[in-house]
Amino acid sequence: MGDERLHYYGKHGTPQKYDPTFKGPIYKRGCTDVICCVFLLLAIVGYVAVGIIAWTRGDPRKVIYPTDSRGEFCGQKGTKNANKSFLFYFNIVKCASPLVLLEFQCPTPQICVEKCPDRYLTLLSAYGSQDFTYYKQFCVPGVQKSKGVPELLRDGDCPAVLTPSKPLARRCFPAIHIHKGVLMVGNETTYEDGLGSRKNITELVEGAKKANGVLEARQLAMRIFEDYTVSWYWIIIGLVIAMVMSLLFIILLRFVAGIMVWVMIVMVILVLGYGIFHCYMEYARLRGEAGSDVSLMDLGFQTDFRVYLHLRQTWMAFMIILSILEVIIILLLIFLRKRILIAIALIKEASRAVGYVMCSLLYPLVTFFLLCLCIAYWASTAVFLSTSNEAVYKIFNDSACPLAGKTCNPETFPSSNESHLCPGAHCQFAFYGGESGYHRALLGLQIFNVFMFFWLANFVLALGQVTLAGAFASYYWAFNKPDDLPAFPLFSAFGRALRYHTGSLAFGALILAIVQITRVMLEYLDQRLKAAENRFAKFLMTCLKCCFWCLEKFIKFLNRNAYIMIAIYGTNFCTSARNAFFLLMRNIIRVAVLDKVTDFLFLLGKLLIVGSVGILAFFFFTHRIRIVQDTAPPLNYYWVPILTVIVGSYMIAHGFFSVYGMCVDTLFLCFLEDLERNDGSAERPYFMSSNLKKLLNKTNK
């Protein structure tokens, strides 16, 4: 018998031996991986120090408010520009692209104004007339009235021309118009009085097109925001429905797991089938309609996505995708029909375990709260670090100047030798930066910020996995269920994880964080090297990204099972990972046919919940439910709330099913351990329930 068991388990490690004193998770345990715990605490202290430094030096106003040529904010309360919320450019034509205006300073004087200009005026025509009072608000504050037009233009005190503009992101963009047959853009315009000169306006037209693209993107964002403002409460109702459906699904699994699994399978097939039918009906309905045969490639990108729903090709693509998904699911069900019966038994046992530890369903809220803290701290630190630079001023000049581009001091520049060497040059704000040691270390601090976010986020996820694994392992190893189950298994497991295994959790999270930060750096390098035409470099980068993606998936799988072993035996991370890996390798067939089938069934459950809520949201927001047809809010894009409900529903369903998935994985490893420790005899009885004993008999056939 022993030889047969050894042959069955293979040569991967030594199977666990019978221990009459083992009654489940070990309560008398010691601290593991203490060094990693110390490293984590030191890293957190350093992270807090980085945050304090960033918060004392950073200024988020640099992200929110535009900055004029003197480095002063526009529209910031408590400053002299408090009532001047918009940034005006003297000669916006010098900006190569409108997109640059959102991030960099253009080589032209800029001032803060109360409102953008709304009329065409030239300095020469306005000077000495009543229009100069209006014109002067777009000149440098404190401009001397005694100066003539040539002096004002030479010193950069006033723009040569005003053109009607519209505010965009607190900046004044010129409104492109045709005035008496002439394109009016900045001071490159031809006027009746002869000022200016006609010029090849190809570049200006291209700039106008780019500005139009920015305006369309802004308009799209504003319409999406409007849709959220009128539909947010209906979105919340949809998410509540998804939460109720998920909770109801979990409760029903507790009592009728077998029926629920088959109902779930049939419902997913029916939902996909209805989707295929609906796509076909829409495809047939559009037959013969004008414009419905236009291809997606010819149509191009449209901000109004409803246009795509009037194309037959769109519904054909949807129908093909759903049909492929339907065929794949049916084929998997046909080939795995026997294994599905075995997986149902494992799900039934998991349902009983979750039923006895019902508070485990609420634990994802704890994980969600801790992750939100990590994200908030990372995001705020990143913003403050990115805005902790100092204002850098540089010399700008239209003509050739050897000093152009060099740093300068705006206070002393007008009277310095530099201004005399470059007549007409201006010392104006260029960007935020610095030359000190702190500013040179900013990139490293940002990388450290991202790394600590990955480390702490993975630690939070690991804490949740160890806590749930400890609670469900207590259920499995209770010989008389549920009498031998601890009073508070979840809280006991949470306390053990924090008290004894913080170092082990930090170790596993550290390994995963190193891989993740490496992937981020590879993505950054890939973006920087996109312009290069080196095929070998692109091939190498693609291989590295693929390898690290696979490595991350493998480490997540290994960590998950290592945490289960930590929760049961209290061993360090390396020992737990090795034991879990060898245990799975000794039972690789069971792992392949049981564990993954349950994952597939849980995926179907998520698809059922998401699909049901998504279809309900689709009919509601498209006013196709007659009972509540007038209740649905008017929308610019009805896909905005629908996609939000679908994504939110998936996250909610994933949160509930993640508890079930952790329960199944824990029970599965305990089941394999039970098989190695015991043989089912009176002297060495199994700890598994009668339901799992049937599972054992089926797998041995």
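**Exercise 1. Determine how the residues lining the largest cavity of this predicted model divide into nonpolar, polar and charged.**

Solution. Begin with the search of the whole structure, which finds 1 cavity of 30 Å³ or more. The volume of the largest cavity is about 80 Å³. Next, consider its lining of 11 residues, of which Phe 88, Tyr 89, Ile 92, Thr 163 and Ser 165 are the closest to the centre. The elements that contribute two or more residues to this lining are strand E1 (86–89), strand E4 (161–162) and strand E6 (171–174). Finally, sort the lining residues by class, which gives 8 nonpolar, 3 polar and no charged.

**Exercise 2. Decide whether His 501 is buried or exposed, and list its contacts beyond four places in sequence.**

Solution. First place the residue: His 501 is in the loop between helix H15 (489–500) and helix H16 (502–528). Its relative accessibility is 1%, and because buried means under 20%, His 501 counts as buried. Then, setting aside residues up to four places away in sequence, His 501 touches Arg 29, Gly 30, Thr 32, Arg 496, Ile 566 and Gly 570.

**Exercise 3. Describe the surroundings of Ala 471, and state how far in space Ala 471 is from Phe 488.**

Solution. Start from helix H14 (residues 442–476), in which Ala 471 lies. With a relative accessible area of 0%, Ala 471 is buried. Once its neighbours within four places in sequence are left aside, Ala 471 is in contact with Val 357, Pro 489, Leu 490 and Ala 493. For the distance, compare C-alpha with C-alpha: Ala 471 and Phe 488 are 8.5 Å apart in space, and 17 residues apart in sequence.

Technical notes. Residues numbered from 1 in each chain as written. Predicted model: local features only at pLDDT ≥ 70, side-chain atom pairs only at ≥ 80, totals over all residues. Heavy atoms only, no water. Helix = DSSP H or I, 4+ residues; strand = E, 2+ residues; numbered from the N terminus. Buried < 20%, exposed > 50% of the residue type's maximum accessible area, 1.4 Å probe, protein only. Contact = heavy atoms within 4.5 Å. 1 Å grid on protein atoms, 1.4 Å probe; cavity = no way out; pocket = protein on both sides within 12 Å on 5 of 7 lines; lining within 4 Å. Points joined across faces, edges and corners; volume = space filled by probe spheres on them. Nonpolar A, V, L, I, M, F, W, Y, C, P; charged D, E, K, R; others polar.
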